Amino acid sequence: MDAFIQLDRVEKVFEVRKKAGFLKRERRQVRAVDSISFTVARGEMVGYIGPNGAGKSTTIKMLTGILTPSAGRLRVAGIDPSRERTRLAHRIGVVFGQRTTLWWDLPLIDSYKLMHRMYRIPDARYRDNLDRCVELLELGGLLDVPVRQLSLGQRMRGDIAAALLHEPEVLYLDEPTIGLDVISKAKVRGFLRELNDERGTTVLLTTHDLQDIEQLCSRVMVIDHGRLMYDGALAGLHEVGESERTLVVDLERELPPIDAAPAWVVRVEGPRQWLAFPAAESAAPLVARIAAEYPLVDLSVREPDIEAVIAKMYAGSAPGQAEKAVS
Amino acid sequence: MGERGRLAEGLRAYWLIAGMWVRSAMTYRTSFVVTMCGNGLMTAMDFVAILLMYAQIDSLGGWTLPEVAFLYGLSATSFGIADLVLGSMDVLGARIRDGSFDTLLVRPAPVLAQIGADRFAVRRLGRITQGGAVLGWALAAVDIDWTLPKVLLVPVMVVSGAAIFCSLFVAGAAFQILAQDASEVQNAFTYGGTTLLQYPPTVFGKDLVRGVTFMLPLAFVNWVPASYVLGRPYPLDLPEWAAFAPPLVAVACCAAAGLAWRAGLGAYRSTGS
């Protein structure tokens with residue numbers, strides 16, 4: 001496996017000074033990132049999730065060379081980001097959801113023209129990449145509009161295009177869908193999927209929106225208090241979180257609660273019953289048994305709410321458990 | 001990439017960004033001309049204050065009007081050039097607060113060049129024009145025997161003075177990284193410095209003059225070399241060659257500011273705030 005991004009026990013410790021009276025300051029160390037190790041292969045699309053202040057943005061800032069790690073080894077495309085920030089800049093694209101890398105008061109196209117020169121993108125390639133972004137991100141009518149007049153969704157699309165003109169090998173997105181409406185979110189996700197499929201661009205995105213992860217990422221990393229709590233497939237997260245799936249059964253008539261271990265009835269409403277069962281169990285034998293023993297009209301399986309899964313994981317996040325969770 | 005490579009990259013990025021702002025300003029020509037004239041007029045009022053003062057007095061601290069105009073012209077022109085080149089640096093603290101400073105760090109260009117060229121405003125030429133006009137009048141009006149060293153010293157003073165003010169802008173920006181709401185502190189030194197230098201050193205206390213000679217060497221922008229040109233005694237008991245020190249002082253200031261900037265940026269990248 002070609003490890004494109006490599007972190008080996010990376011740490012970031014901040015010293016926070018707090019006022020503790022007139023002129024007196026208390027110093028306190030905050031471990032924003034606490035010994036995180038992972039690798040990302042070329043062409044992977046990875047979701048990086050966690051609550052506010054978990055260390056997601058700090059990790060992204062170390063990966064882009066904005067921040068210098070306090071300890072550990074970090075490589076992106078074989079480059080140490082903190083030492084060779086400008087050399088790395090040619091190979092990465094960065095999108096910050098909450099602030100723009102575009103020039104606020106100038107038309108969108110001016111920012112792109114500047115990127116063209118600043119990144120020394122050959123003319124033909126710049127034209128191709130710009131045309132492609134304009135088409136796929138629907139920027140055609142927006143190029144002459146000053147950035148400050150764009151809506152949040154338009155600006156985000158403009159920012160994504162700006163990050164891709166120099167064809168970076170990896171794209172970092174820090175909360176790319178924050179504050180966007182449903183349509184804008186769908187456009188952004190569709191574009192990212194295509195980028196990853198067609199160009200093989202490695203994508204690492206932090207998000208609060210689990211739908212981003214569900215629709216885009218085959219792999220998810222969960223971070224909390226600076227520690228990696230989980231690294232693996234999205235589906236596996238359910239097992240770690242000991243979550244439950246729900247079987248919604250519509251019977252022909254009202255009947256006493258269905259008896260079908262390992263599932264148990266959590267709710268009855270007329271002929272409809274809700275049964276919970278461990279997410280790790282297969283639904284098939286359960287469904288077969290209920291179909292055989294009860295007069296069944298309709299039935300559906302509901303996946304667990306992943307936010308609940310993660311919340312559960314955070315709640316029980318003793319360090320010992322965390323180590324177990326990291327595969 | 002060596003130091004020379006970084007410098008070349010920085011100048012290139014500066015040129016690209018400043019060029020973008022100039023082109024953008026040129027799309028609204030009328031607005032551009034109006035703001036530039038306004039800028040010139042505003043700074044002109046500055047000198048009018050001195051003219052009004054001389055309507056009542058014949059000399060200030062022993063200096064005549066053309067002599068003070070000479071000081072004023074040198075200080076205003078040097079400062080104007082520095083303000084044109086790096087005048088946007090006082091927003092650095094705000095950019096750190098709102099997080100947009102990070103976006104500069106992910107681009108393949110030196111941060112100093114990017115922040116220095118940000119919002120490059122040609123209208124600031126108004127200040128240089130006004131300073132240059134006063135300097136021109138002063139050169140014609142002062143009564144001195146021009147020698148070759150004196151003639152050569154004038155442009156050297158302007159360039160060195162601009163470099164000294166530039167280093168002040170950069171050092172101030174480095175300080176803003178550590179204290180993000182310190183843009184007023186920076187302004188006190190830059191704008192305050194240029195105003196100070198528009199008056200003869202003889203009207204200020206010895207300690208202040210010592211401070212701006214040895215601590216913050218603003219005296220080399222005009223006071224010391226101008227005293228040589230005008231054939232006046234130096235503000236402090238400095239040797240005669242001190243008048244020719246401005247280029248060296250400028251180089252030293254730029255080096256110190258560069259180190260301060262590097263330290264500030266390093267501190268930012270290790271603390272993130």
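A:D298 lies in strand β13 of chain A, which covers residues 296-302; strands here are DSSP runs of E with at least two residues, helices are DSSP runs of H or I with at least four, and both are numbered from the N terminus. The model is a predicted one, in which local features need pLDDT of at least 70 and side-chain atom pairs count only at pLDDT 80 or more, while totals for chains, interfaces and linings use all residues. Residues are numbered from 1 along each chain as its sequence is written, and chains are lettered from A and ligands numbered from 1 in the order in which they are written.

With 9 C-beta neighbours inside 10 Å, A:D298 counts as exposed, because a residue is called exposed if 12 or fewer other C-beta atoms lie within 10 Å of its own, buried if there are 20 or more, and partly exposed in between, with the C-beta atoms placed from the backbone. Although A:D298 and A:D250 are 48 residues apart in sequence, their C-alpha atoms are 5.0 Å apart in space.

From this residue we can turn to chain A as a whole. Chain A holds 11 helices and 13 strands, and its C-alpha trace spans about 70 × 55 × 45 Å along its principal axes. Of its 327 residues, 40% count as buried. Among the contacts in chain A between residues at least 6 apart in sequence, 69% join residues at least 24 apart, where two residues are in contact if their C-beta atoms, placed from the backbone, lie within 7 Å.

Another residue of chain A to look at is A:E138, in the loop between α4 (123-136) and α5 (152-164) of chain A. Most residues other than glycine have a negative phi. The phi of A:E138, however, is near 55°, a positive value in a residue other than glycine. A:E138 is partly exposed, with 13 other C-beta atoms within 10 Å. In chain B, the phi of B:R119 is likewise positive, near 55°, and B:R119 is found in the loop between α6 (111-117) and α7 (125-141) of chain B. B:R119 is also partly exposed, with 16 other C-beta atoms within 10 Å.

How do the two chains meet? In this model, 22 residues of chain A are in contact with 19 residues of chain B. On the side of chain A that touches chain B, the elements that give two or more residues are α1 (56-64), α2 (85-89), β5 (92-96) and α3 (108-118) of chain A, and α3(A) provides the largest share, four residues. By class, this side of chain A has 10 nonpolar, seven polar and five charged residues; Ala, Val, Leu, Ile, Met, Phe, Trp, Tyr, Cys and Pro count as nonpolar, Asp, Glu, Lys and Arg as charged, and the others, Gly among them, as polar.

For chain B, an unreviewed UniProt entry lists residues 32-57, 69-87, 152-175, 208-229 and 241-261 as "transmembrane region"; such annotations may be inferred rather than shown by experiment, and their positions are given in the numbering used here, with feature names shortened. In the model, residues 32-57 of chain B are 96% helix and 0% strand, and the end C-alpha atoms of this span lie 38 Å apart. The span of residues 152-175 of chain B is 100% helix and 0% strand, with its end C-alpha atoms 35 Å apart.

The packing of helices in chain B can now be followed pair by pair. Two packed helices are described by the angle between their axes and the distance between the axes. Axes are lines fitted to C-alpha atoms, for helices over the stretch in contact, and angles run from 0 to 180 degrees between N-to-C directions. The axes of α2(B) (residues 29-56) and α3(B) (residues 65-86) come within 11 Å and cross at roughly 160°. These two helices are therefore roughly antiparallel to each other, since angles over 145 degrees count as roughly antiparallel, under 35 as roughly parallel, 65 to 115 as roughly perpendicular and the rest as oblique. In their contact, B:T43, B:F47, B:I50 and B:Y54 of α2(B) meet B:L65, B:V68, B:Y72 and B:A76 of α3(B), and these residues divide into seven nonpolar, one polar and no charged.

Helix α8(B) (residues 148-178) packs against α12(B) (residues 246-271) at an angle of about 20°, with the axes 8 Å apart, which makes α8(B) roughly parallel to α12(B). The contact of α8(B) with α12(B) has 24 nonpolar, four polar and no charged residues. The axes of α8(B) and α9(B) (residues 183-196) come within 9 Å and cross at roughly 170°, so α8(B) and α9(B) are roughly antiparallel to each other. By class, the contact of α8(B) with α9(B) has six nonpolar, six polar and no charged residues.
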